[in-house]
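Welcome, and please open the structure in your viewer. We will go from selection to selection and look at what is there.

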Amino acid sequence: MSPIRFHAVRWLAASVCLALLVWPIAGPLWALGCLLGGTLILLLLHLGQIDRLFDWARSAEEAPVPPGSGAWGHVFSALHRRSRIAAQDRQHLLHQLQRQRDAMQAMPDGVVILQGANLIESVNVVAEQQFGIDLKRDVGLPLGNLVRQPEFVAMLDSTASVASVLMPAPGLSGHMLSIQSIAFGDERKLLLASDVTHVERLETMRRDFVANVSHEMRTPLTVIHGYLEMLADEPGGVTSDEAQRFIAATLEQTRRIQHLVADLLALSSLETGSPLPGDDEVDVPTLLEAVQREALGVSAGRHRIDLEPGPPAAIRGAAQELHSAIGNLAGNAVRYTQAGGRIRIAWRIVDGQGLIDVEDNGIGIEARHIPRLTERFYRVDRGRSRESGGTGLGLAIVKHVLERHQARLEIVSAPGRGSRFTVRLPAQRVVARAAASAA
Ligand code: ADP
């Protein structure tokens with residue numbers, strides 16, 4: 001039995017006993033009076049305790065539970081125990097929260113937590129410096145209103161679960177930030193900003209070095225190549241067979257270095273020099289016909305090269321870059337397909353996206369090489385690449401051109417069966433000609 005019930009029963013029993021004692025002496029009215037009086041006192045005692053309990057419940061969270069008398073003492077001490085445990089739990093959670101805040105502050109990278117419509121919820125000191133914000137002043141404000149770089153705002157607005165951007169630090173002049181945005185929980189985002197100034201500086205030095213060396217080599221190479229050609233073509237100039245063989249071999253090597261230098265310069269101009277592709281409309285059939293013509297020239301009749309021009313359309317972008325990228329894919333298809341093989345160049349529009357396929361039934365590529373093909377100088381078979389006049393830079397150039405057009409390269413291949421390289425252009429770069437003229 002609960003202490004309160006026990007107390008009430010005891011009290012009532014005492015009142016009944018008293019009433020029974022009083023009855024023979026003072027009569028039934030007095031006995032009834034004792035019974036009612038006892039019950040009334042019991043009620044008033046309970047009301048008094050409930051009143052104290054109510055006052056305590058309305059008081060501040062940390063107020064101690066008042067001491068209770070009688071059976072209520074048990075109730076009050078049970079409440080006291082509960083409130084002590086709750087206070088301990090609260091304290092524990094506060095400690096944990098503080099530890100997490102300390103960990104966030106100790107991070108060498110900038111950390112920003114956004115909620116809802118990119119509103120600032122929490123920021124560490126590093127991020128305050130990097131983004132030029134002050135948590136006390138800016139908490140609850142949309143981060144996009146404080147940091148307005150278009151590429152950063154585009155990343156914030158992106159619905160992707162993970163997005164990244166490289167941009168100058170708004171709060172630290174001369175610094176570069178690599179920022180990752182990761183969606184988590186209930187409409188929240190975590191931004192991690194690393195200072196990559198040093199890495200970027202090294203990368204710029206590397207690019208400049210390669211570009212300068214390539215540039216410096218171009219003129220002497222042209223001169224050497226010119227003189228060698230003169231020597232080879234000079235009627236009665238070099239008569240010995242051996243010397244002619246040497247000249248032919250040297251000419252071939254200078255041609256290779258010239259290709260390499262041209263590809264290195266193309267790559268470094270894509271990486272640094274040239275402005276981002278604009279909105280020029282590049283006619284797809286014209287582009288693909290030119291690529292087919294060149295591939296036929298490289299093939300010299302050894303392959304069948306089909307063109308499926310697809311729906312009339314144009315691509316918004318840089319004509320010369322797109323030509324070089326698709327030309328590289330078609331050139332590879334020719335170089336890595338045995339004589340008598342077939343090559344297909346096709347254009348399609350699927351869900352608004354533009355797809356250019358360059359497909360061959362050539363030597364194919366093992367799956368383990370595919371993820372690395374667009375790395376500079378990565379070649380599956382070095383000997384075969386050299387033999388066929390490759391520089392190992394073709395797909396790296398393709399990758400850069402496509403990145404600049406927000407496009408992707410998809411590769412499907414199997415050894416001995418052939419390869420399909422598909423360029424996937426985003427819908428905003430595709431102009432469907434029929435729709436455009438109808439409009
Ligand atoms: P390379 O100048 O050596 O051809 P690329 O960057 O153009 O350099 O290509 C990288 C490598 O990818 C090539 O060396 C080759 O091994 C492989 N490759 C590219 N295209 C094809 C293809 N159509 N079929 C088979 N292998 C290919």
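On this tour, two residues are in contact when heavy atoms lie within 4.5 Å. Keep in mind that this is a predicted model.

Select L425 to begin. Setting aside neighbours within four places in sequence, you will find L425 in contact with I315, W347, Q353, G354, I356, H405, A407 and V430.

Now widen the view to the largest nonpolar core, which has 41 residues; L425 is one of those touching the most other members, along with L288, I326, W347 and I356. Among the elements that each supply at least two residues of this core are helix 9 (241–273), helix 10 (284–299), strand 9 (342–350) and strand 12 (418–425). Helix 11 gives the largest share, seven residues. Another core lies apart from this one, with 20 residues that include L114, F152, A169 and L191.

Next, show helix 10 and helix 11 together. Their axes are 9 Å apart and the packing angle is about 35°, with a right-handed crossing. On the helix 10 side, pick out L287, L288, A290, V291, E294, A295, V298 and S299, which meet L322, H323, I326, G327, A330 and V334 of helix 11. Sorted by class, this contact has 10 nonpolar, three polar and one charged residues.

Last stop: select residues 72–106, helix 3. Its 35 residues should span 51 Å at 1.5 Å a residue, and because the end C-alpha atoms are 50 Å apart, the two values agree. Which residues of helix 3 are buried? They are W72, G73, F76 and M104. Their cover includes helix 1 (3–26), helix 2 (28–58), strand 1 (110–115) and strand 2 (119–123).

Key
Residues are numbered from 1 along each chain as its sequence is written. This is a predicted model: local features need pLDDT of at least 70, side-chain atom pairs count only at pLDDT 80 or more; totals for chains, interfaces and linings use all residues. Side-chain values use heavy atoms; hydrogens and water are left out. Helices (H or I, at least four residues) and strands (E, at least two) are DSSP runs, numbered from the N terminus. The expected span of a helix is 1.5 Å times one less than its number of residues. Buried means under 20% relative accessible area, exposed over 50%, partly exposed in between (1.4 Å probe, protein chains only). A nonpolar core is a set of buried Ala, Val, Leu, Ile, Met, Phe, Trp, Tyr and Cys residues joined through side-chain atoms within 4.5 Å. Axes are lines fitted to C-alpha atoms, for helices over the stretch in contact, and angles run from 0 to 180 degrees between N-to-C directions. A crossing is left-handed if the near helix is turned anticlockwise from the far one by less than a right angle, and right-handed if clockwise. Ala, Val, Leu, Ile, Met, Phe, Trp, Tyr, Cys and Pro count as nonpolar, Asp, Glu, Lys and Arg as charged, and the others, Gly among them, as polar.
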